[in-house]
Amino acid sequence: MGKAPVEEHPVKAFGWAASDPSGVLSPFKFSRRATGDEDVRFKILYCGICHTDLHLAKNEWGMTKYPILPGHEITGVVTEVGSKVQKYKVGDRVGVGCLVGACHKCDSCENNLENYCPQQIQTYNSLNTDGTMTYGGYSDHMVANERYIVRIPNNLPLDAAAPLLCAGITTYSPLRYFGLDKPGMKVGVVGLGGLGHVAVKLAKAMGTIVTVISTSPRKKQEALEVLGADSFLVSTNPEEMQAAMGTLDGIIDTVSAAHALVPLLFLLKTNGKIVTVGAPVKPLELPTFPLIIGRRIVAGSCIGGLKETQEMIDFAGKHNITPQIEVVPVDYVNTAMERLTKGDVKYRFVLDIANTLKAT
């Protein structure tokens, strides 16, 4: 029988965790490792609530290990650094995203793509090298190797910067890698939620012409007037979709629910590409005919490596890009999860860890 989470490591910690597939979170005592030579420890001030947190808390992907303490959009202030840490000092504004470890030997790691390392260690619901579980940002403090720490630009508020560590890099990376970042290119964004609204802001800052594609006509004004999109398509309106056929260079598909790909494929120009970054529980249907007749590509993308994550957050700082958030107290987390299930948030919940997380 292994040790209880509170006894595994020397530094006591507390947060909110789920203990079964109901996904209901409650106060949870655990522990974190002592600060190693290359480690950075920081007091968590804010943590975003990602759709992944909801999926994993409820074991909707069949890979959850309970108890699970979610959170991979974490920001705070450094409280301690190891003796060999070179990039950070006490008082620095920092964050941790989806990863806290990798093998550092494979092709992916050698190309700064720790996010594709087969031995990656995720920020929560993953095994540390010592065999203990990783616990995320719905907690009082965090410790990680400095390679996995991101510096937050001074002009970005720590609450609004938190979701960039997942939603930001998840959309920035495919825009860059698939060449959808050139001024004047026509880029579609499917879904106007936590990921989608950040994709719009990033794509606009890169100089592209952005079309939001949504099932909800009521989001049109917000997309155009608040987020700065250039046009808006209602995906359930056949006339609008027909008129827009063959007009887009690429599409970032952020939807995490089941949806049809074929209507989106016909929006693409020849050689166009759809990059999916949402993760629907049920597989999407993908006929080959729309691909063949337009030499179109359907691709995927998963967050980004640490070098690119820092690049993304620096880009956000330069262009003053922040997600639109609703800051909530920690004891509201279960209500926030219920609202997230219904899409009832503009556009990302952020837990106010600093002011509302109380040890019990």
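**A tour of cores, cavities and cysteines**

Start with the cysteines: the structure holds zero disulfides, a disulfide being a pair of cysteine sulfur atoms within 2.5 Å. This is a predicted model, where local features need pLDDT of at least 70, side-chain atom pairs count only at pLDDT 80 or more, and totals for chains, interfaces and linings use all residues. Residues are numbered from 1 along each chain as its sequence is written, and side-chain values use heavy atoms, with hydrogens and water left out.

Select Cys-103. Its nearest cysteine sulfur belongs to Cys-117, 3.6 Å away. Cys-103 is buried, at 18% relative accessible area. Buried means under 20%, exposed over 50%, and partly exposed in between, with a 1.4 Å probe and protein chains only.

Now colour the largest nonpolar core, which has 56 residues. Such a core is a set of buried Ala, Val, Leu, Ile, Met, Phe, Trp, Tyr and Cys residues joined through side-chain atoms within 4.5 Å. Leu-175, Val-200 and Ile-313 touch the most other members. Elements that each supply at least two residues include β3 (39-49), α4 (167-177), α5 (194-205) and α10 (306-318). Helices (H or I, at least four residues) and strands (E, at least two) are DSSP runs, numbered from the N terminus. The largest share, six residues, comes from α5.

Centre on Ile-313. Leaving aside neighbours within four places in sequence, Ile-313 is in contact with residues including Val-150, Pro-153, Leu-156 and Leu-165. Contact means heavy atoms within 4.5 Å. Another core of 43 residues lies apart from the largest one, with Phe-30, Leu-69, Met-142 and Ala-144 among its members.

Show α4 next. Nine of its 11 residues are buried, so α4 is largely enclosed by the rest of the structure. The buried ones run from Ala-167 through Leu-175. They pack against β10, α5, β13 (248-253), β14 (268-276), α10 and β17 (348-352). After α4 comes Gly-179, with a positive phi near 70°.

Move to Pro-323, in the loop between α10 and β16 (325-328). Pro-323 is buried, with a relative accessible area of 5%. Not counting residues up to four places away in sequence, Pro-323 touches Ala-160, Pro-163, Leu-164, His-197, Val-198 and Lys-201.

A search of the whole structure finds two cavities of 30 Å³ or more. On a 1 Å grid over the protein atoms alone, a cavity is a set of points where a 1.4 Å probe fits but cannot get out; a pocket is an open set with protein on both sides within 12 Å along at least five of seven lines; lining residues have an atom within 4 Å of a point. Grid points are joined across faces, edges and corners, and a volume is the space filled by probe spheres set on the points.

The largest cavity holds about 90 Å³. Select its lining, which includes Val-96, Cys-98, Tyr-148, Ile-169 and Thr-309. By class, that lining has nine nonpolar, three polar and no charged residues. Here Ala, Val, Leu, Ile, Met, Phe, Trp, Tyr, Cys and Pro count as nonpolar, Asp, Glu, Lys and Arg as charged, and the others, Gly among them, as polar.

Finish at the second largest pocket, with about 470 Å³ of space. Of its 26 lining residues, Arg-33, Val-100, Ile-121, Asn-128 and Thr-129 lie nearest the centre. β2 (25-32), β6 (99-101) and β8 (141-145) are the elements giving two or more residues to this lining.
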